[in-house]
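Here is a briefing on one protein model. Look at the sequence and the structure first, then read the points by topic.

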Amino acid sequence: MHLQEYPPASPPVQDGSWPDSASPADGPADHIHDSDEDPELAALAALGFSKPLLATLAERARRNGTSIESELLHSGQVDEAAYYGAIARFLRLPFVETIDPASVADTPSLDTQLQRPNQIRINYRYRAPQVAVVPEALRLADLGAALSAMPPLGRDLAITTPSAIRRAVWHAGAGRRVRDTVNQLFDRFPAFSARVVLTGNQGFRAGIGLAALASALIVVPLTALLLLHVLLSLVYFASLLLRLAALTRQRFGAVVPAALRPRHGPLPCYTVMVALYREAAVAEQLIASLKRLDWPHSLLDVKLVCEADDRETIAALKAFSAGAHFEIVEVPPSEPRTKPKALTYALGAARGEFLAIYDAEDRPHPQQLREAYQRFRTSPRELACLQAPLIITNGQHSWISALFSLEYAALFRGLLPMLANARMPLPLGGTSNHFRTEALHAAGGWDPFNVTEDADLGLRLYRLGYRSGVIGRQTLEDAPTTMRVWMGQRSRWFKGWLQTWLVLMRDPGRLIREMGPAAFCISQLMIGGMLVSSLLHPLIIVFMALGAYSLLAAPADDIPAGVLSLFVIDTINIFGSYLTFLGLGWGPMIGHERRLIGWRWTGVPLYWLMTSAAAWRAVLELRSRPFFWNKTPHEPSGNRK
C-alpha cells in the first residue's frame, strides 16, 4: 500500500498548481466560511476551483439531480487521485493512494463498498488499524471542524479514493464472490439451473421413450415409421405456423422508433455491462461506441468485465482514456468460463436502477438508454426487460453474413415484437437487453452454466411473473463471415437452447401453472419447435423426396390419401420454412440492407442444412462438453473484408 502525508505531485485542476487556500499551514476548516453559501460550493472554492467552473458544474448538477462534486469528478477537469490528495492536504490527513487487498478483511458486507465506496478498514501487521475514508465536499467543513475540535479523531484516519477502495474490495473478496457467483442460482433456484444437465426423472423418461421407439421399430417398423413421420411433420408445421403468424403481423420497411418525450426531473443511474474475453482488437471501437451514449456521465456506471488472465484485453482497455464512469472488473479464472458467470460476478457492484448488456463489437444507438428508460418509467413494474433490435451491417461480406442478417431481421424486427405485443415470453438476444436491476437480482441473475443465458433468463423472468418488451432504437453488429466461426457460434446457441428446454421440462406441470397454457405452448414452439425443426430438417427433405417418388411410382387414380397428405405437409414445411424465413427477414429491411444482401438469399436451403449440422453438433457436445463456451472472435467493423 502507498501512504503519503500530502497529496501526489499532480495538481488537482488541470490548469494550475496547488491553490494557496489549500495549504497545510492553514487550519482544516479555515477557508470554509460559516455563511449562507452552499457548503459544497464553499468547500470546492476553498480547494481552489474557479467560480465560472463551479457555476457550470452547479447548473449541470441541478439538471442531473447529482452533486457538484460528482459532476466535477466526471467532467475530466480533475484527476481523482489529485482531487482527494488535495482534500487530504487540506485536512492534514495522510493520503492512501493504493490499498493492499491483503490488509482488508473480507466479509459479505464488504461488497457494499463496490456500489458506494466511502470507507474501508485497513489492518496493518505492526501498527494500529486505520480507516480510509472518501469524504464528500458537502460535509468537508463538518469533518474539518471535528478534526480541529478533536485532534485524536484523525490519529487513525486517512483519505483515499473511490477507485482505490473498489480495487481493494474486488481483490479481497474475489474467492468468496466467485463461489457465490457459481453457486447462487443453483442454491436459490435449483429447478432453474442448468448445472445438472439431465435430472434423474428426465433420464428415466427419456430412456423409456427411446426403448419404446426402438421396440416399435423392431416389431411394427412400417407403422412406427408412419406415426413418427406424422408426429414430426406436425411439430415442424406448428413451429412454421408461429412464424407465419409473425409474418402476417409484420410492419414492412423501416420502423421509425417512437419520439422521445422531454425529460421531466433528474435521470437515475444507469449501469452498462460488457463481458469481454480476448477482445483487444475491438477495445477502441467499444469505448468509442459507449462514449456516444446519450446519458450524463455522472449517472452512468460502465463496467467492462474481463477475465483476470486476459491481460491483452485489459491492457488494451487501459490504454484509452475512457473516463471516470468506466470501470474494469477482473473476474478470477474459474470454471465454468462463460459470459453469464462473468456478468453475474459483476452484478453485485451495479449502481444503476437500470442495467443494459452489450457485446464487445456492439455499436448501440446513442439514445437507446433514453428510450428504454422512457418505456420503463411509463410501464408497470412487471416489465422487467426490454430488448433492442440487433441489425447486421456486414451483409455484403459473404453469403453467410447475408443470410445471418436476414435471420436477425426476422427475429428482432418480426417475431419478438409480435410475442411482446401478445405478452408472451421472449427468448432474449444476448445483447442490448435493458433490465430493471431489482428484477434481475430477484431472478437470480444469469445462469453461469447456461451457454445461451439470454434465452434462459427471458423465460425465467416470465416464470417469475415478469414481462419483457421491445424498443426501436437499434444496436449495430457484424455477423460471422466464415463457416468455421458461424458453426462454432451456432452450435453454442443450440447447446444453450437444449439446456434451456431441459430446464423448462423438468416439471411440465409446474411450468404450465407458472406460464399459463398459451405461454407454455409458445415457449415449446420457440425453443422445442425450433430445435426439432433444425434437427429434423434433412429428414423432412428425405420424407418429401420419398413421398414424391411414391406419387410418381403409383397410378394417378390409386394414390393413397395418407401418402398424398403427408407429401403436401412435408412440401409446405420445407418451402414454407424458406419463404417465411425470407419474408420475415426481407420485409422490415430498408433498401440499403436489401442491396447489401443482393442475390445471396438464394443460399437459404444450404443455410438451413448448416443450421441442422450445428444443431446435431450441439447435441453431441451437450454430452461431452456441456458448459464449454465456444468463443466468437470479433474485429473492428471497418476491418472486415
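Arg467 and Gly469 point one way from strand β14, while Ser468 and Val470 point the other way. All of these residues are buried. Keep in mind that this is a predicted model.

**Strand β14 and its partner**

- Strand β11 covers residues 383-387 and is joined to β14 by four bridges.
- The two strands, β11 and β14, run parallel.
- Opposite Val470 of β14 stands Gln387.

**The sheet**

- Seven strands make up an open sheet with mixed pairing.
- Their order is β8-β7-β6-β9-β13-β11-β14.
- β8 (326-331) and β14 (467-470) are the edge strands. Each has a single partner strand, so one side of each is left without a neighbour in the sheet.
- On average, neighbouring strands of this sheet are turned by 25 degrees against each other, direction ignored.
- Strands β6 (residues 270-276) and β7 (residues 300-307) pair in the parallel sense, over seven bridges.
- Within that pair, Val274 has Leu304 of β7 as its bridge partner.

**Helices on the sheet**

- Helix α12 (residues 311-318) lies across β6, β7 and β8. Its direction is at about 170 degrees to β8.
- Helix α13 (residues 339-347) also packs on the sheet. This helix touches β6, β7, β8 and β9 (354-358). The direction of α13 makes about 120 degrees with that of β8.

**Helix α20 against α23**

- Two packed helices are described by the angle between their axes and the distance between the axes.
- Helix α20 (residues 517-553) packs on helix α23 (residues 604-624) at an angle of about 125 degrees. Their axes are 6 Å apart.
- That angle makes α20 oblique to α23.
- The crossing of α20 with α23 is left-handed.
- From α20, the contact uses Ser534, Leu535, His537, Pro538 and Ile541.
- From α23, the contact uses Trp608, Leu609, Thr611, Ser612, Ala615, Trp616 and Val619.
- Which kinds of residue make up the contact of α20 with α23? Eight are nonpolar, four are polar and none is charged.

**Helix α20 against α18**

- Helix α18 (residues 483-504) packs with α20 at an angle of about 130 degrees. The axes of α18 and α20 are 10 Å apart.
- α18 and α20 are therefore oblique to each other.
- α18 and α20 make a left-handed crossing.
- α18 brings Phe494, Trp497, Leu498 and Trp501 to the contact.
- α20 brings Gln524, Ile527, Gly528, Met530, Leu531 and Ser534.
- The contact of α18 with α20 has seven nonpolar residues, three polar and no charged.

**A closer look at Trp399**

- Trp399 lies in helix α15 (residues 399-421).
- Is Trp399 buried, partly exposed or exposed? Trp399 is partly exposed, because its relative accessible area is 28%.
- Not counting residues up to four places away in sequence, Trp399 touches Arg600, Gly603, Leu606, Tyr607 and Met610.
- Trp399 and Ser533 are 134 residues apart in sequence. In space they are 22 Å apart, C-alpha to C-alpha.

**The whole protein**

- The secondary structure comes to 23 helices and 15 strands.
- The protein has 641 residues, and buried residues make up 54% of them.
- Along the principal axes, the C-alpha atoms fill a box of roughly 110 × 50 × 45 Å.
- Take the contacts between residues at least 6 apart in sequence: 81% of them join residues at least 24 apart.

Terms used: Residues numbered from 1 in each chain as written. Predicted model: local features only at pLDDT ≥ 70, side-chain atom pairs only at ≥ 80, totals over all residues. Heavy atoms only, no water. Pairing = 2+ DSSP bridges. Axes fitted to C-alpha atoms, helices over the stretch in contact; angles between N-to-C directions. Contact = heavy atoms within 4.5 Å. Parallel < 35°, antiparallel > 145°, perpendicular 65-115°, else oblique. Left-handed = near helix turned anticlockwise from the far one by under 90°. Nonpolar A, V, L, I, M, F, W, Y, C, P; charged D, E, K, R; others polar. Buried < 20%, exposed > 50% of the residue type's maximum accessible area, 1.4 Å probe, protein only.
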